[in-house]
Amino acid sequence: KLFRLLPASLKMKHNKILALKYRPQNFADLIGQDVMAKTITNAIKIGKTPNAYLLTGIRGVGKTTTARLIAKSLNCEKNSNTKVNCNTEKPCPTCNEIIESKHIDVLEMDAASKTGIDDVRELIENSKYSPTSAKFKIFIIDEVHMLSKQAFNGLLKTLEEPPSSLKFILATTEVKKIPITILSRCQRFDLKRVSVSKIQEHIKKISLKENGKITDPAIRIIAQVSEGSVRDALSLLDRALVHQHISSNNQVDEKDVRIMLGLADKSKTIKLIKNTFEGNAKESNKILKDLIDEGLDAKSFLQDVLEILSLINRKLSLGSINNDKMLPEAEINLINEISDGLSISDIGLFWQLTLKTIEDLKTLGDETITLEMYVSQLIFVKGVQSEDRNFLLETNEDPLKNQSDTVEVNNNELSSGTLEIIS
């Protein structure tokens with residue numbers, strides 16, 4: 001009833017997805033990019049800003065957000081009038097329009113949909129006019145690597161010598177696709193993947209603000225699966241909060257998140273590895289079938305295997321496991337049990353085999369067959385003798401090379417034998 005009485009603007013804010021609702025509104029809110037944020041803000045304070053910024057990084061680390069923050073910092077009204085009070089709660093009219101993507105002097109262009117030279121010509125034509133109300137006219141070009149070769153060439157002169165009131169901010173996930181002539185005209189800032197611990201802390205705060213009841217292990221999984229992308233983490237948190245409302249106990253735990261994301265039960269994965277290393281093919285395939293029936297995601301499963309192998313390697317190398325993965329005591333004991341009878345070279349071979357299977361998934365359509373073959377290969381490799389395993393590790397040598405060497409030796413022996421007979 002209360003929601004029905006709310007104004008339309010507040011309803012829209014309430015319904016916003018978390019990635020938009022909690023989008024950083026100043027550089028202090030931008031997590032995991034402290035060095036870059038400090039460099040940019042200091043340059044703006046002393047008035048030494050480049051003609052063009054280039055922001056690079058994987059999806060969801062804050063490239064477009066950083067571009068808007070730069071636009072706000074350059075055009076904020078408090079820069080020219082100290083009496084203006086501009087902050088996150090009450091931004092000045094210029095900053096507010098930039099936040100809502102309505103400012104006439106801050107133009108955002110998606111290069112993925114406007115890739116041609118005609119689009120760039122229109123942009124260059126607009127650059128000749130002075131800003132209407134702000135200090136700087138700013139062009140934000142997202143996914144700039146999608147521009148055509150002619151479009152890039154059309155930008156060169158304007159990027160090098162733009163009008164004093166014009167700034168370019170380019171953003172891309174594929175910096176290698178940008179011509180070197182463009183790169184040399186920009187000041188480049190690389191946005192790093194955000195660490196799991198920082199993402200975990202961030203989404204936990206947001207979960208509390210949204211009255212979410214999500215356990216710490218569940219939040220940890222969301223942070224790990226996001227692979228350093230804050231936006232991905234918030235999107236997954238959004239799904240988890242929806243799942244909370246349909247959950248019987250009104251809470252989201254680790255098991256719920258694994259089911260939601262199609263991730264394998266970690267304890268079952270450890271048991272599968274244990275039975276595989278023991279050569280128990282029947283039990284190994286039974287556990288694998290159970291995991292597949294539960295909606296197993298093959299790539300995530302193999303990444304879990306790599307994580308377990310790294311823990312076994314740590315156990316073999318250091319003698320103990322630093323439990324930074326927050327595994328239950330029973331699972332740690334299983335890993336300790338698996339470690340007995342293994343060597344570092346064994347782990348190296350299993351690691352390489354797992355990485356190869358991840359590559360195989362890209363070419364093979366049937367994930368079930370791929371995983372069944374993977375388990376069979378693990379059982380076979382564990383069963384062979386140690387000297388044979390060392391031979392299997394020598395993957396860099398061409399087997400035909402040894403054949404040609406043998407042929408060459410035989411020919412030499414034949415030649416020497418013939419000479420002896422002649423003599």
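Q: How far can you trust the numbers and numbering here?
A: This is a predicted model, where local features need pLDDT of at least 70 and side-chain atom pairs count only at pLDDT 80 or more, while totals for chains, interfaces and linings use all residues. Residues are numbered from 1 along each chain as its sequence is written, and side-chain values use heavy atoms, with hydrogens and water left out.

Q: How many helices and strands does the chain have?
A: There are 21 helices and five strands.

Q: Why is Thr158 called buried?
A: Buried means under 20% relative accessible area, exposed means over 50%, and partly exposed is in between (1.4 Å probe, protein chains only). Thr158 has 12%, so it counts as buried. This residue is in helix H8 (residues 149-160), and beyond its neighbours within four places in sequence, it's in contact (heavy atoms within 4.5 Å) with Ile124, Ser127, Leu166 and Phe168.

Q: What makes Asn313 buried, exposed or partly exposed?
A: Its relative accessibility is 28%, so Asn313 is partly exposed. Asn313 sits in helix H16 and touches Ile344 and Ile347, leaving out residues up to four places away in sequence. Asn313 and Ile347 are 34 residues apart along the chain, yet their C-alpha atoms are separated by 6.6 Å.

Q: Which residues of H18 are buried?
A: They're Asp346, Ile347, Leu349, Phe350, Leu353, Thr354, Thr357, Ile358 and Leu361. As for the spacing, an α-helix has 3.6 residues a turn, so residues three or four places apart point the same way.

Q: What makes a group of residues a nonpolar core?
A: It's a set of buried Ala, Val, Leu, Ile, Met, Phe, Trp, Tyr and Cys residues joined through side-chain atoms within 4.5 Å. The largest one here has 33 residues, and Phe277, Phe301, Ile312, Phe350 and Tyr374 touch the most other members. H16 gives this core its largest share, nine residues. A second, separate core has 25 residues, including Tyr22, Leu234, Leu237 and Met260.

Q: Which helix gives the most to the lining of the second largest pocket?
A: That's H16, with six residues. The lining has 22 residues in total, with Gln224, Val225, Glu227, Gln303 and Asp304 nearest the pocket's centre. A pocket is an open set of points on a 1 Å grid over the protein atoms alone where a 1.4 Å probe fits, with protein on both sides within 12 Å along at least five of seven lines; lining residues have an atom within 4 Å of a point.

Q: Where is Ile58, and which residues does it contact?
A: Ile58 is in the loop between strand E1 (52-56) and helix H5 (63-75). Apart from neighbours within four places in sequence, Ile58 is in contact with Lys63, Thr173, Arg193, Glu227, Gly228 and Ser229. From Ile58 to Asp190 is 132 residues in sequence and 9.5 Å in space, C-alpha to C-alpha.

Definitions and conventions. Helices (H or I, at least four residues) and strands (E, at least two) are DSSP runs, numbered from the N terminus.
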